[in-house]
Every structure is written in C-alpha cells, then in structure tokens.
Amino acid sequence: MNYYNFRKMKNFIILLSVITLLSCKSKVEENGKLKVVTTTTMLTDLVENIGGDLIETQGLMGAGVDPHLYKASEGDVSKLAGADIIFYNGLHLEGKLVEVFEKMGNSKKTVGLGEFLPKEELIGSEYFASNYDPHVWFNIGFFKQFAKKVTEQLSEADPKNAIAFKENEKQFLAKLDALEISVKEKIATLPEEKRILVTAHDAFNYFGKAYGFKVVGLQGLSTATEAGVQDVQRLSQFIIDNKVKAIFVESSVPRRTIEALQAAVLSKDHEVVIGGSLYSDALGNTGTVEGTYVGMFTYNVNTIVNALK
C-alpha cells in the first residue's frame, strides 16, 4: 500500500470510529457538568467565558493550529464521542472536519455558529467552498452574536444553570463592548491613507470592513491554497505603488510566504519591513494575554497600527 492510500485508509478508519462511538448516547458528567467540545481556540475561550466552572470544556485545536488544514486525530474521537454539545465555527473553516460533523448530525448536538449569522452581512467569495469568508470572529459584532448563541444552547442543555450562563454572557459582552471602543480609539490614531493591511492570507477582510482597512492577502481565504510566483510579484508591485511601510506574518501560517514577498519588494529597491506576527486563525498560548480573544484582538490592533504609522 502506498503512502497516499495508507493516509486515506487511516482517515477512513478515524471517521468510522467517530460514527461508531457517536452511536453511544452521551450523558452529562456524573458531577452534573455538561461536556462541551470546541474546535478553534477562539471558540474555546468564548465557551469558557460563558460556561465557566459550570461546564467541562475541551478544545480540539491549540495555539498556532491552522483550522483550514486540521484533521481529526484518534485522540479527538473520544472527545467528540463523549461531548454533550460541540461548537464549531462553520462556513467551512474546519474544512477537513466537515464530513465528521455531517455524520454526527443525528446523534449529537453540533452547533456551527457561523451558520446562524445573517448571510447578507457575510463577505462572499467565489473561491471558497462555502461561498462565504469564514473568518467572522474579526468582526466583534459577530463574536457578540456567537456569545448569545452559545448562551442559548448551554441554557437549553442545562436549564438549572441558565441564570448563571446569562450573567456570564452579560459580563463577557461588556468586555467586548469595551474592546470595540479601545480598538476604534487606537485605529483613529492611524491616518486613513496608511490603513493598508498586507498579510499571509485573507483572514482579515471582516476586520478591514469593520475598521476601514484595505486588506490584501498573499494567499486566498484558505491556507490550503499555495501562493505562486505571480501572486508574489503582483502583491510586491501593489506594495510599491501604495508605499506600504510594513507587512505581516501570521502565527498559524509559515513565515516563509511573507519573507518571500518582502524579498521581492526589496529586490525592486523599495523598503518594506515585517511589522510583526498577527494572530489570525488561532489565539496565542494558553495562560498568556494573547491566549484570550480580547487579548488577541488588542495585540493585533496595536501591532498593526504601530507598524504602519
């Protein structure tokens, strides 16, 4: 059996295991806590803020993990099988897990949070599987809607703690309101003509739309696509024409893509620096400020504004 067939068979076995285990009905923990599984780090932080110590939360992905390319491992199978609720981003962000979630539909409470957002407010894309840009967490207003949906779902599953979930939601929404104010104040210090954000892939379109940035990514919406020589040359000329001062790497995308872009610009006698590393598809390390949604967003905005000034 060649390597390709081996990998294909392995993925099939994992999927089959998920289906088999999910046929066993999950129960609330003996300690009375709901077992909740999340996919991305942003959702893990959100659910932990709403559920607190009243639930048991397990995240599949860690810091620096690319959700576009993530595949369910053997270790994920038991987490998914034992969950009472599974929250995922949806809009095909977790592209390799779509088939798994579809198979669970009849036996598990799976909630694709992005699917509940108003479609007329989403950014369309003819190049992406879902026809919508899935990086919706970079619109703080959308993340507030996520918080409300999580509260609703947790309350339905665990009515005795509904009041506590609602209070946690209220406190978290207050943090998001404060975040939005501070973000706007920081961005206001950057002249409008300098609000051009060049990154490794198109993860920041909702950010750009909400806060007045022109956003250009070297790769497309999904990191599964590779940037070619023509992409590098096209974007390098854009940087020169628009006198862009800094470009940015991303924590979940290999640094070499932006370094190649920088080299192309420098070869044309235009100075451009790498302004820092932004958190795009994942938060920072657990236990750090950037390991929270509010901390990540604040760090990104400070990094962008300071580098482009």
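**Entry 1: the ring cluster**

I began with the aromatic side chains. Ring pairs link Trp137, Phe138, Phe143, Phe146, Phe172, Phe204, Phe207, Tyr211, Phe213, Tyr293 and Phe297 into a cluster. Here rings of Phe, Tyr and Trp (its six-membered ring) pair if their centres lie within 6.5 Å; planes under 30 degrees apart count as stacked, over 60 as edge-to-face and the rest as tilted.

I noted the ground rules. This is a predicted model, where local features need pLDDT of at least 70, side-chain atom pairs count only at pLDDT 80 or more, and totals for chains, interfaces and linings use all residues. Residues are numbered from 1 along each chain as its sequence is written, and side-chain values use heavy atoms, with hydrogens and water left out.

**Entry 2: two pairs**

How many aromatic pairs does the structure hold? I found 15. I looked up Phe142 and Tyr206: their ring centres are 5.8 Å apart and their planes stand at 70°, so this pair is edge-to-face. Phe142 lies in helix H5 (residues 140–157) and Tyr206 in helix H7 (residues 205–211), so the pair ties together parts 64 residues apart in sequence. Helices (H or I, at least four residues) and strands (E, at least two) are DSSP runs, numbered from the N terminus.

Are these two residues buried or exposed? Phe142 is buried, with a relative accessible area of 3%. Tyr206 is buried too, at 1%. Buried means under 20% relative accessible area, exposed over 50%, partly exposed in between (1.4 Å probe, protein chains only).

Next I took Phe207 and Phe297. Their pair is tilted, with 6.1 Å centre to centre and 50° between the planes. Phe207 is in helix H7 and Phe297 in helix H10 (residues 293–308), 90 residues apart. Both Phe207 and Phe297 are buried.

**Entry 3: the sheet**

I moved on to the strands. Four of them form an open sheet in the order E2-E1-E3-E4, with parallel pairing. Two strands pair if DSSP finds at least two bridges between them. The edge strands are E2 (55–59) and E4 (109–112), and each pairs on one side only.

I checked one pairing. Five bridges join strand E1 (residues 34–38) to E2. Val37 has Gln58 in E2 as its bridge partner.

Which helix packs on the sheet? I found helix H3 (residues 74–82), touching E1, E2 and strand E3 (85–88). Contact means heavy atoms within 4.5 Å. The direction of H3 makes about 135° with that of E1. Axes are lines fitted to C-alpha atoms, for helices over the stretch in contact, and angles run from 0 to 180 degrees between N-to-C directions.
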